[in-house]
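Subject: Handing over the two-chain model

Dear colleague,

Please find the structure below, together with my notes on what I found when going through it. I would be glad if you could read them with the coordinates open.

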Amino acid sequence: MLRQIEGSQAMAEAIALCRPQVVCAYPITPQTHIVEGLGAMVKDGRLADCDYINVESEFGAMSVAIGASAGGVRAYTATASQGLLFMAEAVYNAAGLGLPIVMTLGNRAIGAPINIWNDHSDAMALKDAGWIQLFAETNQEAADLHIQAFRIAEELSCPAMVCVDGFILTHAFEQIDTPTQAQVDAFLPPFDPVQVLDPANPYSIGAMVGPEAFTEVKYLGHQKQIDALDVIPRVAAEFREVFGRDAGGLIRPYRTDDAETILVALGSVNGTIKDVVDAEREKGTRVGAISISSFRPFPLAELQSALSGASRVVCIEKSLAPGLGGALASNVRMAMRGLSAPVLTVIAGLGGRPITRAGIARVIAAAGEGALDDVTFLDLNRAAVEGQMMRAAGLTDTGPIAENLLKALNPGLVRRMTPKRRGME
Amino acid sequence: MFEIRLHGRGGQGVVTAAEMLSVAAFDEGRHAQAFPSFGSERMGAPVASFCRIADRPIRLREPIVDPDALIIQDPTLFHSVDVFAGVKPDGYLIVNTTKTPAELGITAITDALPPGHWRCLPASEIAQRHIGRPLPNAALLGAFAAVTGVVSLASVLKAIRARFAGRVGEANAAAAQDAFALGETV
């Protein structure tokens with residue numbers, strides 16, 4: 001049924017239709033509305049045969065999900081940002097144990113400095129934890145990907161993370177076609193676990209494995225991800241059969257035929273990028289875009305094929321790999337092996353800075369002129385950065401960087417301290 | 001595409017107003033997108049929210065920088081926030097105030113808008129009368145419907161009643177109706 005609702009509510013309802021048997025989560029913005037919605041549905045009986053387990057932290061949340069999944073039930077949790085870092089050890093364990101937990105990640109920046117706004121730093125921090133990582137472009141897709149994620153995770157015995165841009169999607173009201181229980185039941189069979197902790201037939205999981213077999217266990221985890229490259233598009237095709245719309249898959253090219261410049265991005269910014277591509281195409285600019293829906297596994301072959309005609313590839317990415325550039329671009333470069341087109345990194349939207357049509361249009365223009373560096377920071381306030389560098393040069397006690405920048409941007413708001421000058425102790 | 005930016009203070013319902021407006025537009029068969037100015041919500045802090053209304057799916061995710069309409073829930077924001085930034089020359093302005101543009105010192109803005117494209121109305125007082133609390137968002141949506149015609153009063157009332165059940169919904173709907181009448185006649 002078509003409804004105008006908040007993304008978080010649509011996700012909560014879609015997750016409930018997947019009949020999770022254990023939901024355990026610790027609230028952290030911007031994921032809070034999703035787990036609150038699930039909690040309400042458990043309480044009022046709309047989500048039956050499900051335990052909502054309150055936990056003391058994100059570490060507890062993932063640990064309970066691991067226990068529930070190992071006990072043979074469908075388990076779900078959600079987190080964001082620092083919450084994901086706090087549960088990191090258990091996140092790796094879920095993958096290493098092959099437990100098909102589904103988790104929503106309401107993408108948000110990681111401190112310091114403290115920042116509650118959207119970017120992809122959290123997803124990138126744990127991109128190699130062994131989880132499948134799917135990125136949603138719209139709230140419709142965010143809801144739909146959860147339904148697919150349970151199918152994919154349980155088929156492969158591999159946990160899956162649905163990455164949803166915090167606030168931009170989680171807190172947005174838009175038109176969403178919410179599925180019926182009959183549709184979801186037709187698409188998603190009951191969980192049939194491949195390993196169950198059962199007192200009647202006791203065994204342990206999570207054994208210590210020494211050098212003699214650790215590589216082999218890890219190889220099998222890698223092979224699951226490679227297998228997922230076949231499972232993800234098949235599940236997306238079956239989803240289209242049942243629900244009548246596209247969602248998920250590996251990559252989604254947009255107007256890439258004959259494109260000289262192709263932008264590559266993850267998540268909701270692809271909507272803005274498509275608007276810019278249309279506007280640029282009207283002007284005759286040969287530009288296209290690719291939305292990567294599956295970041296793990298990373299669709300190397302599909303990307304190589306889609307990018308093979310491009311003169312240049314520009315990754316618009318919402319996270320920074322300090323000392324390198326961007327995780328997305330370095331992954332895309334592997335897909336470009338054998339091709340000569342450069343892969344450029346544009347770091348954008350960090351800590352909630354809006355990525356605007358104007359900013360993307362400037363990137364496309366600069367790329368066409370060959371004026372983009374390997375790593376470019378979109379809309380960087382260079383004066384603020386250089387001011388701090390100037391202040392820092394020659395000072396011994398420069399004070400905290402973040403606070404200094406805030407002072408420089410809002411001179412009236414923050415009391416200035418007197419820094420110590422070098423040689424004047 | 002018609003873009004509305006709403007300015008208020010935390011607790012006044014500025015986010016709820018944008019959401020209800022999107023529901024009203026959706027109810028008329030249009031595409032709509034509502035979202036808050038993302039951040040930590042605190043009572044009394046300046047808050048903005050956004051609503052886009054269009055006849056085709058909305059893909060754009062940037063904040064609204066050049067709005068077709070501005071709804072100002074609290075004119076004391078004029079001192080701290082550039083609420084008028086980017087408003088289109090043929091845009092609309094709805095201000096919750098008992099004062100005139102001259103008393104508010106915003107005639108440079110209102111004079112530049114086409115005739116009939118702005119209203120100052122006492123939405124908090126209307127709300128106080130109907131709801132018993134000075135929560136102006138329902139009244140401002142009623143005035144928005146009257147001044148812009150972008151959504152009908154009937155859709156606004158339906159969205160308000162869908163959001164607030166029972167007496168609270170009826171009181172908010174009554175405030176919207178009063179403000180609609182005021183918006184049409186002033």
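Strand β8 (residues 173-177) of chain A is joined to β2(B) by two bridges, and these strands run antiparallel; strands here, like helices, are DSSP runs numbered from the N terminus (E over at least two residues for strands, H or I over at least four for helices), and two strands pair if DSSP finds at least two bridges between them. Within that pairing, A:Glu174 has B:Gln33 as its bridge partner in β2(B).

This is a predicted model, in which local features need pLDDT of at least 70 and side-chain atom pairs count only at pLDDT 80 or more, whereas totals for chains, interfaces and linings use all residues. Residues are numbered from 1 along each chain as its sequence is written, while chains are lettered from A and ligands numbered from 1 in the order in which they are written.

Strand β2(B) is also joined to strand β3 (residues 46-54) of chain B, by six antiparallel bridges, and there B:Ala32 has B:Ile53 as its bridge partner in β3(B). Five of the six residues of β2(B) (residues 31-36) are buried, so the strand is largely enclosed by the rest of the structure; a residue counts as buried if 20 or more other C-beta atoms, placed from the backbone, lie within 10 Å of its own, as exposed if 12 or fewer do, and as partly exposed in between.

Chain B has seven helices and six strands, which follow one another from the N terminus as β-α-β-β-β-β-α-α-β-α-α-α-α. Its C-alpha trace spans about 40 × 40 × 35 Å along the principal axes, and buried residues make up 52% of its 186 residues. Among contacts in chain B between residues at least 6 apart in sequence, 64% join residues at least 24 apart.

In chain A, seven strands form an open sheet with mixed pairing, in the order β3-β2-β4-β5-β7-β6-β12. Its edge strands, each pairing on one side only, are β3 (51-54) and β12 (294-296) of chain A. Strand β6 (residues 132-135) of chain A is joined to β12(A) by two antiparallel bridges, and A:Gln133 stands opposite A:Arg296 in β12(A).

The domain assignment of chain A, which is of automatic or database origin, gives domain 1 (2-243), domain 2 (252-377) and domain 3 (382-421). The C-alpha centres of domain 1 and domain 3 of chain A lie 42 Å apart.

Finally, A:Asn201 lies in the loop between α8 (181-187) and α9 (214-243) of chain A, and it is exposed, with 7 other C-beta atoms within 10 Å.

With best wishes

Definitions and conventions
Two residues are in contact if their C-beta atoms, placed from the backbone, lie within 7 Å.
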